[in-house]
Amino acid sequence: MSKVDYKNFSIKYVECPELIEDPPYKRTSSGKIWEKKLYDRYKKICNKSNTALDIGGYIGSHALPMAHYAKNVYCFEPTPYLYNTIKSNIKLNKIENVILLAMAAYNKDDQVNIDARLNGTSRIHFNKIKGELTEVPCHKIDTLLPDVNDCNFIKIDVEGAEFDVLEGAHNFI
């Protein structure tokens, strides 16, 4: 387990030997903040009256700090191993306002194939590629969160599918 200290809270992370060479994990496992400037943004923008979205949750390195400032955080992570890691990190930190979703946010409600890379660079694929593909559910934000009208922050890191995610959130935005 590692612990990252921020200004007024700490976040603990479970060990993930499979991610040891991945720069974000390497940084958090050594007790340092990955993308500190974003933590500062969360503090400025997120508040207990509003909801935030973390699309592309990885190990929770953004959803967990957001949870300290936002009312609720919807965290999307379609890669099964990373989803389970976030789930463990939420439990370890006793965080109750992160709603973890095992799916991809996208521009349609369907299933998509991803190459479920453990290093956080999973991508959606429509063509046959070498290697293993994992079929995962995908949903438009418009379909999934039609009653959420208090969102004031959306973080999207989905390896090139950011515009597709936004296309599926047309009404939400």
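The structure holds five aromatic pairs. Rings of Phe, Tyr and Trp (its six-membered ring) pair if their centres lie within 6.5 Å; planes under 30 degrees apart count as stacked, over 60 as edge-to-face and the rest as tilted. One of the pairs joins Tyr-6 and Tyr-39. It is edge-to-face, at 5.2 Å centre to centre and 65° between the planes. This pair links distant parts of the chain, 33 residues apart. Tyr-6 sits in the loop between strand 1 (2-5) and strand 2 (10-13), and Tyr-39 sits in helix 2. Helices (H or I, at least four residues) and strands (E, at least two) are DSSP runs, numbered from the N terminus. Both Tyr-6 and Tyr-39 are buried. Buried means under 20% relative accessible area, exposed over 50%, and partly exposed in between (1.4 Å probe, protein chains only).

Phe-9 and Tyr-69 make another edge-to-face pair, with 5.8 Å centre to centre and 70° between the planes. Phe-9 lies in the loop between strand 1 and strand 2, and Tyr-69 in the loop between helix 3 and strand 4 (72-76), so the pair ties together parts that are 60 residues apart in sequence. Phe-9 is buried, at a relative accessible area of 10%. Tyr-69 is also buried, at 10% relative accessibility. Which residues form the aromatic cluster? Tyr-6, Phe-9, Tyr-39, Tyr-42, Tyr-69 and Phe-153 form it.

A word on the basis of these values. This is a predicted model, in which local features need pLDDT of at least 70, side-chain atom pairs count only at pLDDT 80 or more, and totals for chains, interfaces and linings use all residues. Residues are numbered from 1 along each chain as its sequence is written, and side-chain values use heavy atoms, with hydrogens and water left out.

Next, strand 3. Asp-54 has its place in this strand. Is Asp-54 buried or exposed? Asp-54 counts as buried because its relative accessibility is 0%. Its side chain makes a polar contact with the side chain of Lys-155, at 2.6 Å. A polar contact is a pair of N or O atoms within 3.5 Å; within protein, one must be able to donate a hydrogen and the other to accept it, and residues adjacent in sequence count only if both atoms are side-chain atoms. Leaving aside neighbours within four places in sequence, Asp-54 is in contact (heavy atoms within 4.5 Å) with His-62, Ala-63, Met-66, Val-73, Tyr-74, Cys-75, Phe-76 and Lys-155.

Strand 10 also holds Ile-156. Ile-156 is partly exposed, with 24% relative accessible area. Ile-156 and Ile-55 are 101 residues apart in sequence, but 4.7 Å apart in space, C-alpha to C-alpha. Leaving aside neighbours within four places in sequence, Ile-156 is in contact with Ile-55, Glu-162, Val-165 and Leu-166.

Ile-154 has its place in strand 10 (residues 151-156). Ile-154 is partly exposed, at 31%.

Glu-35 has a positive phi of about 60° although it is not a glycine. Glu-35 lies in the loop between helix 1 (23-29) and helix 2 (36-45). At 33% relative accessibility, Glu-35 is partly exposed. Tyr-58 has a positive phi too, of about 55°, and is not a glycine. Tyr-58 lies in the loop between strand 3 (51-55) and helix 3 (63-67). With 9% relative accessibility, Tyr-58 counts as buried.
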